Amino acid sequence: MGKFSRLIALLVTGSIGIGSAAFPLPTSAASFSANYAEALQKSLYFYECQQAGPLPEWNRVEWRADSTVTDEVTGGWYDAGDHVKFNLPMAYSASMLAWGLYQYPEGIEAVGQTETYVNNLTFVLDYLAACDEGETVIYQVGMGQIDHTWWGPVELLQYGLEEGGASYEEARSVLRGTDSAVCGEMAAALAAGAAALQGKSDKTDEYLKHAENIFRLADATRSDSEYNNSDASGFYRSSHFYDELFYAANWLYIATGDQTYLNKATSYIPNLDRELGSTELKYTWGMCWDDVTQGGILLYAINTGDSTYINHVKKHLNYWTDSVKTLNGGAKWLTTWGCLRYATTAGFLASVACDTILNDTDTSKYQSFYEDQINYCLGNNPDNQSYVVGYNENSPKNPHHRTSHASWKNDLAIPDTNRHILYGALVGGPNEDGSYEDNRGNYINNEVACDYNAGFTALLCKMVSSYGGQTDPNFPEPETRDLEFYVETKLTQNANGVNLSFLFTNHSAWPARVEDNMSYRYYMDLSEVIAAGYNASDVTIRVDRDQATMYSGYTPAQVSDIIHYEGNIYYIEVTYPDGRVALPISEGHNQCELMLALVFPNYGNGWDASNDFSNTELLKDEETYVISNYIPIYQNDVLIFGMEPDGTTAEPPTSSTVLKGDINTDGSVKLNDLISLILYLLGEKTISAEGFTNGDIIEDNIVNGIDATALRQLLIE
């Protein structure tokens, strides 16, 4: 009997079970269970939430759509919870993602994330390459000072800004130049990307060409004066630039093997920062978007093997392990704003050092350090608080992020809870005393940004390389949607008829959008009119207010005549051909009011509203606006909300049926499903997302040997 046959026999007889991962647990997490593969999967998803311009077909975010498509350079990532493309932190983030892939490709491949990783990395590198204009570089798209005046989803950015009096053209203007820090960082990202993507993309030569050109411009300029006098300075002011040049030169040497670049790197060392009052190279502080010194020195030590710089790396790591404040739970707290980004990035540098220049020494202290940082973020802390949105039940719910919040009122506080899950986003983290507030208004604790996730993602590459994990095959699951389009109605009855106030509402968020040809109907029973000897055409419809007419260039509401439905039931239909009349961008614009009066011609007999279908809920309280199912809404004449008098309702969403044990999804459960499951657990076969769901027989969100035993029992029964 061969090895494979023995394994099947053992499993079928119930003698063994196969776990969900074939990797050891991290040494510092014996009592803490972390799924690093799922964390990596979700961290990459966060970057898809940040995508600008036309979205690629592989984007998985159901609440995002194309945006800022008229930018001079489309694509790239929105920086944080705003809508500006700041190239300095963006390029830094791209370089760190590239470094993670470059250093730990096998682990990423082992957990099935290579394609997703490469997709997200090439998306941002394509943008950075497109910013290269030859003798100048675009280094920012969008003006932060204008962008930050409006709080809403990016898909409706133009409408939101223009309603506030801003010029959208000015708001999306670009900054260009050759300033050294931002251009150096862009060159580093493109060179690191070229190195990481060898054999994985056909764009590496293109990235390298742009990296070398942008580096040439940055090296020749050796100044940040224009950059630091621009809009960028109010958000990402550069403190120095030689560190970026040094970092870029090291990556260019790695990507090209050209000694010239390593010589360039050596030439920058005298200009790198020193410790205060000393000639010693600075080893305190941490790697971040504004200071890549420590990452550059680590690369230089790897590239040269020079013991001076190897010792510097050790001194930097000892600073983090021995001198930086340690919170209860193990996280290192360097500074107030975004403390976890510094800690996880330092952790990534530690992991790389352990696996390269220090691999023949005792690195247990550094290993414990980097494992503590990532595990703290995932919930290994006194409060069991995850700082990664959507990672588990105790994750942040209200990150400081406009589009995931999806306010319809240009209001940070409305709604109370973010409408979307910003999966994978690492929030800023706790205060110095370890306390944390899940409050989107608290941007110190709850800000998110591309650079926050950069070192975190890179460190996860190390963790999956060491400990594996299981990605979620059903991720992302569809969100539960709240009402996007509805009508609030208030009715007052009098002897002559009724007065109606309709508030057509657009609270769209999947994604936020303009929808043309929306309409709603008001159904009425005209038995009393007909009994008095009149016809429906004798009822007068009077429009007392149409808010749509206040918008220049927008088509006003179209109010129909009274239309026969059946018997004595009639309706009027209000249509908005131009969806811009109601947009989720402000207090005044998310609803469009229409005030109507229906006047009965026989003033002596009065009007009976109690028998009207659409009055079913309105007559209960004539002072309050009501969202009523009896005032149905249509788009292009298709019912999307509410009910018609004959009971017709909008079609509910379809749901798939789960057939437990149907691994190969052929609609039946047989022995070959058990064999397929065993092959999957042995790593010799893949299964589909539906097959994974069917294979999770005990419903614990993993598929392992316990499920195989349960399937065996199902087959026996």
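In which strand is the place of Gln 591? Gln 591 lies in strand S13, residues 591-599; strands (E, at least two residues) are DSSP runs, numbered from the N terminus.

The model is predicted, so local features need pLDDT of at least 70 and side-chain atom pairs count only at pLDDT 80 or more, whereas totals for chains, interfaces and linings use all residues. Residues are numbered from 1 along each chain as its sequence is written, and side-chain values use heavy atoms, with hydrogens and water left out.

The protein has a mean pLDDT (the predictor's confidence in each residue, from 0 to 100) of 91, and 92% of its residues reach 70 or more. Over residues 1-30, pLDDT stays under 50. Where pLDDT is low, the predicted coordinates should not be read in detail.

Gln 591 is buried, with a relative accessible area of 17%; buried means under 20% relative accessible area, exposed over 50%, and partly exposed in between (1.4 Å probe, protein chains only). Beyond four places in sequence, Gln 591 touches residues including Glu 488 and Thr 505, where contact means heavy atoms within 4.5 Å.

Strand S13 belongs to an open, antiparallel sheet of five strands, in the order S9-S13-S7-S6-S14. Strands S9 and S14 stand at the edges, each with a single partner strand, so one side of each is left without a neighbour in the sheet. Two strands pair if DSSP finds at least two bridges between them; nine bridges join S7 to S13. One of the bridge partners in S13 is Leu 598, which faces Val 498 in this pairing.

| Strand | Residues |
|---|---|
| S7 | residues 497-506 |
| S9 | residues 540-546 |
| S13 | residues 591-599 |
| S14 | residues 626-627 |

Definitions and conventions: Helices (H or I, at least four residues) and strands (E, at least two) are DSSP runs, numbered from the N terminus.
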